[in-house]
Amino acid sequence: MKKAIIIGASSGIGEEVAKLLLQEGWSVGIAARRLERLKNVQDKFGEDRVKIIELDVKRQDATSNLEKLILDLGGMDLYFHASGIGFQNVDLIPEVEIDITKTNSEGFVRLVTYAFNWFCNNTKKGHIAVISSIAGTKGLGVSPAYSATKAMQNTYIQSLCQLSKIKKADISFTDIRPGFVETDLLNKEKHYPLMMKKENAAKSIIKGLKRKKRILIIDWKFRLVVFVWKLIPNWIWERMSVKN
Ligand SMILES: NC(=O)c1ccc[n+]([C@@H]2O[C@H](COP(=O)([O-])OP(=O)(O)OC[C@H]3O[C@@H](n4cnc5c(N)ncnc54)[C@H](OP(=O)(O)O)[C@@H]3O)[C@@H](O)[C@H]2O)c1
């Protein structure tokens with residue numbers, strides 16, 4: 001039975017991916033801060049196949065909790081990082097920017113480096129998949145820390161991809177870049193264009209993971225958006241009023 005560790009599986013895309021993997025026969029180790037929500041998944045699929053642990057990526061002890069979870073699960077074939085926060089911050093409140101940075105950059109690096117080193121030291125073969133965002137494509141004025149941390153994640157995974165070749169480790173990498181997905185991350189009061197259901201986003205992710213896609217932009221409409229964004233020269237982009 002294949003084993004996946006999913007960090008950030010208490011809601012949204014991470015939870016949906018966990019459920020789909022379970023339906024496909026995987027066993028999973030799931031982690032987040034809201035233990036009671038992880039417990040709901042465990043109650044549904046059984047303690048044999050679902051291991052849970054409370055984990056906060058911002059805390060130093062996150063790696064020892066991850067270590068416990070891998071041991072409890074009996075190994076790891078796939079490390080899936082879904083944990084993340086994001087807010088628009090047009091008033092540029094420093095605390096908001098710093099909190100996003102701590103979760104999406106420091107917390108991300110803390111956990112992903114552990115997974116990378118675990119694969120190198122144990123199985124030498126594995127798959128690391130992370131959810132970044134299309135928001136990393138260009139700097140977004142309404143959410144500076146969010147778009148900057150997502151760009152950081154894109155570059156970080158590319159670096160690890162190269163490092164795994166240097167170390168002759170057989171690790172595959174998938175950088176998942178969704179457009180808008182209807183989850184708790186988005187502001188319920190606002191309208192977001194081309195919004196996807198989390199169930200559909202998770203299905204596309206599973207498909208991409210099976211194909212070991214290196215970069216997975218979901219869905220096709222957002223692939224088009226990213227294509228157009230990339231064509232816009234920075235001197236024009238920086239004068240544009242991109243609100244979402
Ligand atoms: N929704 C979108 O439109 C969208 C678009 C592009 C990318 N994404 C990315 O997709 C990922 C998942 O987000 P989502 O949309 O599914 O939203 P979500 O439902 O809010 O899920 C976020 C997950 O991250 C976990 N998390 C947050 N802070 C954490 C911390 N300090 N320690 C451990 N876990 C933490 C949450 O668990 P706890 O709160 O229980 O800890 C939750 O399980 C994020 O990285 C997000 O940036 C989302």
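1. The ligand sits in the largest pocket. A pocket here is an open set of points on a 1 Å grid over the protein atoms alone, with protein on both sides within 12 Å along at least five of seven lines. Sitting in one requires more than half of the molecule's atoms to lie within 2 Å of its grid points. Helices α1 (12-23) and α5 (144-166) are the elements that give two or more residues to the shell around the ligand. Helices (H or I, at least four residues) and strands (E, at least two) are DSSP runs, numbered from the N terminus.

2. This is a predicted model: local features need pLDDT of at least 70, side-chain atom pairs count only at pLDDT 80 or more, and totals for chains, interfaces and linings use all residues. Residues are numbered from 1 along each chain as its sequence is written, and side-chain values use heavy atoms, with hydrogens and water left out.

3. The ligand is surrounded by 31 residues, each with a heavy atom within 4 Å of it. S10, R33, R34, Y146 and T183 are the closest. By class, the shell holds 14 nonpolar, 11 polar and 6 charged residues.

4. Check the polar contacts (N or O atoms within 3.5 Å). The side chain of S11 places an N or O atom 2.8 Å from a ligand oxygen. For S83, a side-chain N or O atom is 3.0 Å from a ligand nitrogen. G84 uses its backbone: a polar atom there is 3.3 Å from a ligand oxygen. On its own the ligand has 870 Å² of accessible area, and the protein covers 96% of this. The areas come from the Shrake-Rupley method with a 1.4 Å probe.

5. The whole structure has 12 salt bridges, each a side-chain nitrogen of Lys or Arg within 4 Å of a carboxyl oxygen of Asp or Glu. R37 and E15 form one, with their closest N and O atoms 3.3 Å apart. R37 is in helix α2 (residues 35-45) and E15 in helix α1, so this pair ties together parts 22 residues apart in sequence.

6. Some backbone geometry deserves a look. I218 and D219 are joined by a cis peptide bond, with omega about -5 degrees. D219 is in the loop between β7 (215-218) and α7 (220-231).

7. Which non-glycine residue has a positive phi of about 50 degrees? L92 does, in the loop between β4 (78-81) and α4 (94-121). K168, also not a glycine, has a positive phi of about 55 degrees. K168 lies in the loop between α5 and β6 (170-178).

Terms used:
Polar contact = N/O pair within 3.5 Å; in protein donor to acceptor, adjacent residues only side chain to side chain. 1 Å grid on protein atoms, 1.4 Å probe; cavity = no way out; pocket = protein on both sides within 12 Å on 5 of 7 lines; lining within 4 Å. Nonpolar A, V, L, I, M, F, W, Y, C, P; charged D, E, K, R; others polar.
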